[in-house]
Amino acid sequence: MKLRNSLLLLLTATIWGVAFVAQSVGMDYVGPFTFVFARNVIGGLVLLPVIAVLGKSGGPHPKQAPEERRKARKTLIIGGMCCGTALCAGSITQQFALLYTPVGKAGFLTACYILIVPLLGLLFGRKCGLKHWCGVALAMAGLYFLCMTGGSFGFAMGDLIGLSCALLFSIHITVIDHFSPMVDGVKMSCIQFFFCAILSGIGMLIFEQPSFANILAAWKPILYAGAMSSGVGYTLQIVGQKGMNPAVASLIMSLESVISVIAGWLILGQALSGREIFGCVLMFGAIVLAQLPERKKQSV
């Protein structure tokens, strides 16, 4: 189960890494609120037929009392709304960070959630072992070499937005860790997309002037970000995180930064420098370290 969930999160990181290019390209046509709104509408619509098929194949649950069903439905809706709120805040903040900060620096700052998640876990009594903290430190070093290619780390408005994004996605991961064992992951993912679309749609109407022509011009990046990054990626995140330590999950998902660099090399022909390759090696080392089994204490 742990291996399967790790592979699901690795696939999530791959989808998100490639989607980073789509997010950047999409911002050439539409604003942050419009992009987040459009991708989440698509993400929610993609999951509706999936839920319908799973509902027919799964069949009813006769052993569940009506009161239990109402309680489960309430938990599902609350979980979807909480996840959608955190997702909306994190996604919009990430889009704004791309307006003020170079892509590499924004990627590094966003991926700082690998440090924030275990710290948030401590507040809820989730302790991490020494190997997890070593993995976090190794991954942070890898992200620095991978993303901060200029070697500078001055604080500007874009940097603060990027750090805020990392905090918001850390909250999103923590909220998923709380609700995912109690609900259907696909249904909660669908609810979070539509709720995120409602929130971002309100912001779009207030702060932007959405144009249907501009949305059509950006249909390729919006479609990929909506169907794959949102519909598939965030659903795999919810399913893959179930039963996993959120600190380990965040380490695996932070591989999106590595995947984005590799995708740029393979798809766009962008060569990797020695510094970036070294960063990739450190990142992969961090993931392997976090996945090593705990040493069992021998009983006397």
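1. Helices here are DSSP runs of type H or I with at least four residues, numbered from the N terminus. On that basis Asn245 lies in the loop that links helix H10 (219-241) to helix H11 (246-253). The model under discussion is a predicted one.

2. The overall composition is helical. The protein has 13 helices and zero strands, and the order of elements from the N terminus is α-α-α-α-α-α-α-α-α-α-α-α-α. Of the 300 residues in the protein, 49% are buried. Where contacts in the protein join residues at least 6 apart in sequence, 92% of them join residues at least 24 apart.

3. Is Asn245 buried or exposed? Its relative accessible area is 18%, and because the cut-off for burial is under 20%, Asn245 counts as buried. Once neighbours within four places in sequence are set aside, the residues in contact with Asn245 are Arg126, Lys127, Cys128 and His132. A further relation is that of Asn245 to Pro118: these residues are 127 apart along the chain, and their C-alpha atoms are separated by 9.1 Å.

4. The crossing of H5 and H7 is right-handed.

5. Which residues make the contact of H5 and H7? Helix H5 contributes Tyr113, Ile116, Val117 and Leu120. Helix H7 contributes Ala166, Leu167, Phe169, Ser170, Ile171, Ile173 and Thr174. By class, the contact of H5 with H7 holds nine nonpolar residues, two polar and no charged.

6. On the H1 side the contact is made by Ser6, Leu9, Leu10, Ala13 and Trp16, and on the H11 side by Ala249, Ile252 and Met253. The contact of H1 with H11 comprises seven nonpolar residues, one polar and no charged.

7. Gln95 is placed in helix H3 (residues 66-100). How accessible is Gln95, and what is the resulting class? Its relative accessibility is 0%, so Gln95 counts as buried. Leaving out neighbours within four places in sequence, Gln95 is in contact with Gln23, Met27, Pro32, Phe35 and Val36.

8. Cys196 is in no disulfide: the nearest cysteine sulfur belongs to Cys88 and is 4.1 Å away, whereas a disulfide requires a pair of sulfur atoms within 2.5 Å. Cys196 is buried, with a relative accessible area of 0%. Cys190 is also buried, and its relative accessible area is 6%.

How values were computed:
Residues numbered from 1 in each chain as written. Predicted model: local features only at pLDDT ≥ 70, side-chain atom pairs only at ≥ 80, totals over all residues. Heavy atoms only, no water. Left-handed = near helix turned anticlockwise from the far one by under 90°. Helix = DSSP H or I, 4+ residues; strand = E, 2+ residues; numbered from the N terminus. Contact = heavy atoms within 4.5 Å. Nonpolar A, V, L, I, M, F, W, Y, C, P; charged D, E, K, R; others polar. Buried < 20%, exposed > 50% of the residue type's maximum accessible area, 1.4 Å probe, protein only.
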